[in-house]
Each structure stands twice: as C-alpha cells, then as structure tokens.
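I opened a new notebook page for this protein. I want to look up its parts one at a time and write down what I find.

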Amino acid sequence: MQKINNEKIQELFLNIQCLPVLKTNELFGQDHNKKIKNLILAYEKNNPVGMESNVKAWSSSYQTHKETDVFSGYLNSISDFSQNIYNNMFSINQEFSLSDFWVSHYKKGDYTKKHNHGSSFNGNVISGCYYVHVEEGASPIIFEGEEPIYPENDTLIIFSSYLYHEVPPTDAERIVMSFNLIQNNVPNFNPDHIKKMENVLKVCDP
C-alpha cells in the first residue's frame with residue numbers, strides 16, 4: 001500500500017511542478033465581468049475590514065466561498081475550467097475541490113509580497129487569479145523565472161501552487177478573484193516523506 005501511495009504522490013508532485021503559467025482572455029464576456037465587479041464591490045462595502053495576509057490590499061477571507069454564495073456560479077465555472085485544463089494537459093482524470101477563495105481590491109500603493117500557495121500540508125495543486133477590473137497603469141503579476149504579466153479585464157491566470165509570485169506596488173486599481181484547488185482522493189502520506197520528495201523533484205521531464 002505504501003508503494004502505491006508513494007507512486008501517486010510522486011505523480012502529483014511532478015504534475016504540480018510541470019504545470020506552466022496559463023492565461024485565458026475573455027473568460028466570461030463583458031456583461032458578466034461587470035456583474036462580478038459589482039458583486040465584489042458590494043461585498044467589500046458590507047465587509048470593510050479585510051484579512052491580514054501577503055496581499056497588502058483589502059481582501060476577503062480565504063474561506064469566502066463558505067461565507068457567501070454570491071460568487072458560487074462564477075467560481076464553479078472557474079474551478080471546472082481549471083480542472084479541465086489540468087486533466088487535458090496531463091491526460092488524466094482527476095477531480096479537484098476548492099480549498100481557498102478570496103477577492104481583493106488593490107488601490108494606489110497596494111501590493112503583494114512574494115509568496116506561493118503550496119506546502120506539504122495544505123495539498124494545494126492549482127492556484128489562479130481571475131482579473132475582474134484592471135485599470136491602465138496597474139501593476140503586473142510577476143512569477144519567479146517568468147516575464148511580468150499585465151492582465152486585462154476578464155482574464156484568468158492559473159499556475160502551480162508551488163510557484164512563487166508577487167505584485168509590485170500599483171499605480172492604478174485592480175480587482176481580483178483568487179483561489180486554490182486541492183486534488184481529491186490523494187492517499188494518506190507521511191509528511192516527512194513528502195518533504196524529502198519535494199526537495200528531490202526539482203526537474204520536470206518533458
């Protein structure tokens with residue numbers, strides 16, 4: 001049983017590290033994009049105190065998807081879309097569940113510290129940002145080892161949860177939905193074993 005578990009976990013970690021940064025424009029269309037913007041602004045108005053995190057801007061809690069259902073329709077579509085991309089890329093059929101979801105509203109001077117969304121213990125595989133509103137002059141998102149990405153309205157970016165990224169202080173407004181997906185049915189594992197595997201799996205085979 002341990003051998004089977006280790007093989008599945010090794011495959012999972014290889015896939016996580018091989019997942020490139022993927023950008024999709026015009027995900028929902030202009031009308032739905034405006035509706036999402038209004039939903040977020042209304043939610044911020046009703047919840048003016050944001051959480052403390054790496055995002056140095058107003059942000060809702062990581063469990064926003066459990067605290068309200070106002071975003072659920074769009075969030076389900078984003079989750080399904082991301083899952084399908086992952087499965088098509090690796091020719092597998094894995095199911096994912098939402099582990100975290102939050103919305104952020106950056107204003108002039110706001111930024112995000114360099115960080116990632118993955119660890120041996122939270123199990124996140126896919127992370128993503130859906131850009132609801134991006135004004136001209138807004139900061140890009142910068143992934144480690146990649147050129148800066150300047151997203152536009154109605155743009156989805158998905159990436160490995162283990163990829164470090166940051167947002168420099170912005171000169172203009174940006175409104176973003178962010179999420180993490182965890183793979184279902186991952187076998188139980190020894191955290192010490194996984195930590196060693198993370199340190200070994202540094203190279204992605206083409």
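**Entry 1: ground rules**

Helices (H or I, at least four residues) and strands (E, at least two) are DSSP runs, numbered from the N terminus. The expected span of a helix is 1.5 Å times one less than its number of residues. I am working with a predicted model, where local features need pLDDT of at least 70, side-chain atom pairs count only at pLDDT 80 or more, and totals for chains, interfaces and linings use all residues. Residues are numbered from 1 along each chain as its sequence is written, and side-chain values use heavy atoms, with hydrogens and water left out.

**Entry 2: the whole protein**

I counted elements first. The protein has 5 helices and 10 strands. Next I checked burial. Buried means under 20% relative accessible area, exposed means over 50%, and partly exposed lies in between (1.4 Å probe, protein chains only). Of the 206 residues, 46% count as buried.

Then I looked at contacts, meaning heavy atoms within 4.5 Å. Among contacts between residues at least 6 apart in sequence, 83% join residues at least 24 apart.

**Entry 3: confidence**

I looked up pLDDT, the predictor's confidence in each residue, from 0 to 100. The protein averages 86, and 80% of the residues score at least 70. Over residues 200-206 the pLDDT is below 50, and this stretch has 9 contacts in the model beyond near neighbours in sequence. Where pLDDT is low, the predicted coordinates should not be read in detail.

**Entry 4: helix α2**

I checked the length of α2. This helix takes in residues 30-46, which makes 17 residues. At 1.5 Å a residue, α2 should span 24 Å, and its end C-alpha atoms are 25 Å apart, which agrees.

Which residues of α2 are buried? I found Asn33, Ile36, Ile40, Tyr43 and Glu44. They cover an arc of only 100° around the axis, so they sit on the same side of α2. The arc is that of the directions from the helix axis to the C-beta atoms. An α-helix has 3.6 residues a turn, so residues three or four places apart point the same way.

The face of α2 turned away from the buried side carries the exposed residues Gln30, Asp31, Lys45 and Asn46. What do the buried residues of α2 pack against? I listed several partners, among them α4 (72-90), β4 (96-106), β6 (124-134) and β10 (174-183).

I moved on to strand pairing. Two strands pair if DSSP finds at least two bridges between them. β6 and β10 pair in the antiparallel sense over 9 bridges. In β10, Asn180 is the bridge partner of Ser127.

β6 also runs antiparallel to β8 (residues 155-160), joined by 6 bridges. Ile126 has Ser160 in β8 as its bridge partner. For Gly128, the partner in β8 is Ile158.

I then followed β8 to β1 (residues 22-24). 3 bridges join these antiparallel strands. Leu22 stands opposite Ile158 in β8.

Why do I call β6 largely enclosed by the rest of the structure? I found 11 of its 11 residues buried. In β8, 6 of the 6 residues are buried, so β8 is largely enclosed too.

**Entry 5: an open sheet**

I traced an open sheet of 4 strands, in the order β2-β5-β9-β7, with antiparallel pairing. β2 (55-56) and β7 (142-143) stand at the edges, each with a single partner strand, so one side of each is left without a neighbour in the sheet. β7 pairs with β9 (residues 165-167) over 2 bridges, in the antiparallel sense. Phe143 stands opposite His165 in β9.

**Entry 6: two single residues**

I picked Ser178, in strand β10. Its relative accessibility is 6%, so Ser178 counts as buried. Leaving out residues up to four places away in sequence, Ser178 touches Asp100, Phe101, Trp102, Gly128 and Cys129.

My other pick was Tyr106, in strand β4. Is Tyr106 buried or exposed? With a relative accessible area of 5%, Tyr106 is buried. Tyr106 and Trp58 are 48 residues apart along the chain, and their C-alpha atoms are separated by 6.7 Å. Beyond its neighbours within four places in sequence, Tyr106 has contacts including Val55, Ala57, Tyr111, Val167 and Val176.
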